[in-house]
Amino acid sequence: MKKFKFNKQTVKILGIGTVLAGVMFMNSFSFANTNEELQTLHTQDFIEWQKLSEEEKANTLMPKMYTTIVQDNVLEEYSQKEISYRMQILTRKISEKLYSAMTKAATYNVPSYNLNKDIKVQVKHQGVTNECWAFSTVTMLETNLALTKNVDKTFSPRHMDYSTIKTFTDGVNKHCYNREAGDGGLAPFGLAYLTNGQGAVLEKDMPFENNVNKIDLKSLDKKVDTIVSDYVALPSIFKEYASDGTVTYTNGGTAQNRKVYSSEEVTKIRNMIKDQIVKYGAVSAVTAGNHAEFYSNTKDAFKSNAYFCNTNLYPRDHAVTIVGWDDGYSKDNFTGIAKPKTNGAYICLNTYGTENFDKGYIYISYEDALIESLLYGIQSTTNIDYDNLYQYNLLGDNTAIGMNTVNQGYIGTVFSRDASTDEKLTYVGVTVPDDVSLEIYVNPKGNGMTLSGLTKVATTGVLKPGYHRIKIDETKLIGNNFSIVVKETSKTDRFYFSVEACVPNSLYSTITGNAGKNFYSVDGYSWNNLSEQNVKGFDMKNTDLCIKAFTDIDEKQNPTPPGEDTKPPVDDNKDKEDNDKNDNNNENNDKEDEKITLTSTDYKILKDKDIYNIRHLTTLKTFKSKIKTNSKSIYVVGPNGRELQDNDYIKTGMKMKLSDGKIYYLVVRGDVDGCGNVTLLDFSKFIAHYGYGKEFTLTGNELKAADMNVDGKIDITDVSQMVDLYMNN
């Protein structure tokens, strides 16, 4: 059964299939009931929210339901010491731009940074709508494209908002949140929309209107321009305030899963947030913004340039977008009724135009009650590169369930399809609640999930909490059903998996599950039907796993356009038999003819392993046009295992694989940080390596990208070439 199957060009729900009879599964699964019941890691905020009356719940945005515990080995990656770059004159004729580049390093190791230094961030106005959350989510997308692909696009918050509501002039949307236009929302709604095939739609195709009027469903029928292929849920920091103003930082958990963060751990988590901004773009966040007494101008909040709230009494009611930070922003700038104990603030984009706040921006203290409580960031995007999208979790994920006695396990989903369609599975999307590595398996011809009957199609490195679309070995689907099984191995000491769960009297109360389609297992052989489990506070019959399947339809089955010649079908099996006979009869078959060759006049191929001198902002399509090879296939993948599309940019450190299995590492000239472009960050790292000693020494792919003339060393020649490359970029 396909709960949702989106057309490649427009957003249309094509129908809901029939649930297969339960007896079909009995021959495919070995069912088992584990001794340990599934649990969920609720936040204290959610526990308190559940105690509200229905009327109070209706007027309060539901807080984050579950909490994560960030492991020490994950935080350690963000423990670098703060760097203060000192100016060193390389030449008396150094330009102002070069001076700026050397003194302001765009990295989380420096005291301040603003995305506007590298890209143009659009300031927008939400008017009378409550679309702040949609504006924030759209800004994440726009800044990610600008920063990682040098693409300038403007997307429609209105389309995002209306795609998630119930009531229209011509009917009811049955697959939505429990909300109406103007009700407000959360970034997870927008991220679900950006990953389920509904959006994003360009602003010009559905322009902003300063109203919350009802519209007809047909108004949503727009061409989707871009989807999100990876986003992360950054660690939450909750604050508890003592009467003397002292702040205790926690993960927001209950007594069973509460963790108090040390000041060092808080710094590392903030470094994670800063790293996301520098590498991938803006971060969505929330505040309690409707209380004038916490603004720097208590008489007119819209004339304020700073905000700090030091109480947990107020719920989140406004979304903003973090575009930078200033560790030295004085605590004395917060002139409302409360003042933080320490300096430092996030630079946040608001959604009330340039005429309000500080030309549209506001500084929010690091110590603000809610600013770090719900954080998301987009890491990669793609165009619509699939024909069908199979999924049950149209509304994303809203909690995680699992067990605390094991650190790995399996989840599996069965999808139904039209067996008359020649279709191949190309990508699998998975949402994960912890830092985990994945193995992905497929049964292309049935609903069986026992490991011995599956084919492994992908393995990943460690993925951060959030959603990740993973390139798999293309697999032809056969028959009416296919199954996807995901093995999760956590860096924590627990096994939890993300779900879309119905929560009564909430924004998620509209969720209807697919009983008998979702399963979990500890060993991959004994499987448990998710809909038959008992988890306190949830209707498990209306709970689905967060697994998506992206497929392509075989173009060979498309009819020949009228007027074109047709050719008789080719018997592929006969061709194979003939080729086998020829190979067997020709004992002197020249093996050298089968050797894969690779040459290029534009790039330098070193030691048959690395390809150097790739220009920054080179697309995969352009890259392929500048190499010559007899390989039957060429594909390039990023660090997350996702295969590049023609319009994606090549980045330092990516891997290219040919049909003989040989792997080449790609090096973009000057792209030290692996973003595909030569930016301020690349130049700063280069200068630090050249002039500031061992603690700034580049290694691996970073060093290769800094070796401008590919002679195996970094000297004054490389410096002059890097200066020229950056200055003229």
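## Aromatic pairs

The structure, a predicted model, holds 28 aromatic pairs. Rings of Phe, Tyr and Trp (its six-membered ring) are paired if their centres lie within 6.5 Å; planes under 30 degrees apart count as stacked, over 60 as edge-to-face and the rest as tilted. One of the pairs is formed by Y231 and Y467, whose ring centres are 6.1 Å apart and whose planes meet at 25°, so this pair is stacked. Y231 belongs to strand β7 and Y467 to strand β23 (residues 466-477); the pair links distant parts of the chain, 236 residues apart. Helices (H or I, at least four residues) and strands (E, at least two) are DSSP runs, numbered from the N terminus. Both Y231 and Y467 are buried, a term that means under 20% relative accessible area, while exposed means over 50% and partly exposed lies in between (1.4 Å probe, protein chains only).

Y390 and F482 form an edge-to-face aromatic pair, with 5.3 Å from centre to centre and 85° between the planes. This pair, too, links distant parts of the chain: Y390 lies in strand β17 and F482 in strand β24 (residues 481-490), 92 residues apart. Y390 is buried, with a relative accessible area of 1%, and F482 is buried at 0%.

## Basis of the description

Residues are numbered from 1 along each chain as its sequence is written, and side-chain values use heavy atoms, with hydrogens and water left out. As the model is predicted, local features need pLDDT of at least 70 and side-chain atom pairs count only at pLDDT 80 or more, whereas totals for chains, interfaces and linings use all residues.

## Strand β29 and its partners

Strand β29 comprises residues 547-553; six of its seven residues are buried, so the strand is largely enclosed by the rest of the structure. Two strands pair if DSSP finds at least two bridges between them. Strand β17 (residues 388-391) pairs with β29 in the antiparallel sense over four bridges, and L389 stands opposite F550 in β29. Strand β20 (residues 423-432) also runs antiparallel to β29, to which seven bridges join it. Here V430 stands opposite I547 in β29.

F550 has a further neighbour in R469: the charged end of R469 sits over the ring of F550, 4.9 Å from its centre. The charged end of R469 also sits over the ring of Y427, 3.7 Å from the centre of that ring. A charge sits over a ring if NZ of Lys or CZ of Arg is within 6 Å of the ring centre and within 35 degrees of the ring normal.

## An open sheet of five strands

Five strands form an open sheet with mixed pairing, in the order β31-β32-β36-β35-β34. Its edge strands, each pairing on one side only, are β31 (604-606) and β34 (634-637). On average, neighbouring strands of this sheet are turned by 25° against each other, direction ignored. Axes are lines fitted to C-alpha atoms, for helices over the stretch in contact, and angles run from 0 to 180 degrees between N-to-C directions.

## Backbone features in loops

The peptide bond from G199 to A200 is cis, with omega near 25°. A200 is placed in the loop between α8 (187-195) and β7 (227-234).

N150 is not a glycine, yet has a positive phi of about 55°; its place is in the loop between α6 (132-149) and α7 (157-162). N150 is partly exposed, with a relative accessible area of 47%. L617, also a residue other than glycine, has a positive phi near 60° and lies in the loop between β32 (610-614) and α11 (620-625). L617 is partly exposed, with a relative accessible area of 23%.

## A buried asparagine and the cysteines

N257 is situated in the loop between β9 (247-250) and β10 (260-261) and counts as buried at 8% relative accessibility. A polar atom of the N257 side chain lies 3.0 Å from the backbone nitrogen of T254.

A disulfide is a pair of cysteine sulfur atoms within 2.5 Å, and by this rule the count comes to zero. C176 counts as buried at 2% relative accessibility, and C348 counts as buried at 0%.

Definitions and conventions
A polar contact is a pair of N or O atoms within 3.5 Å; within protein, one must be able to donate a hydrogen and the other to accept it, and residues adjacent in sequence count only if both atoms are side-chain atoms.
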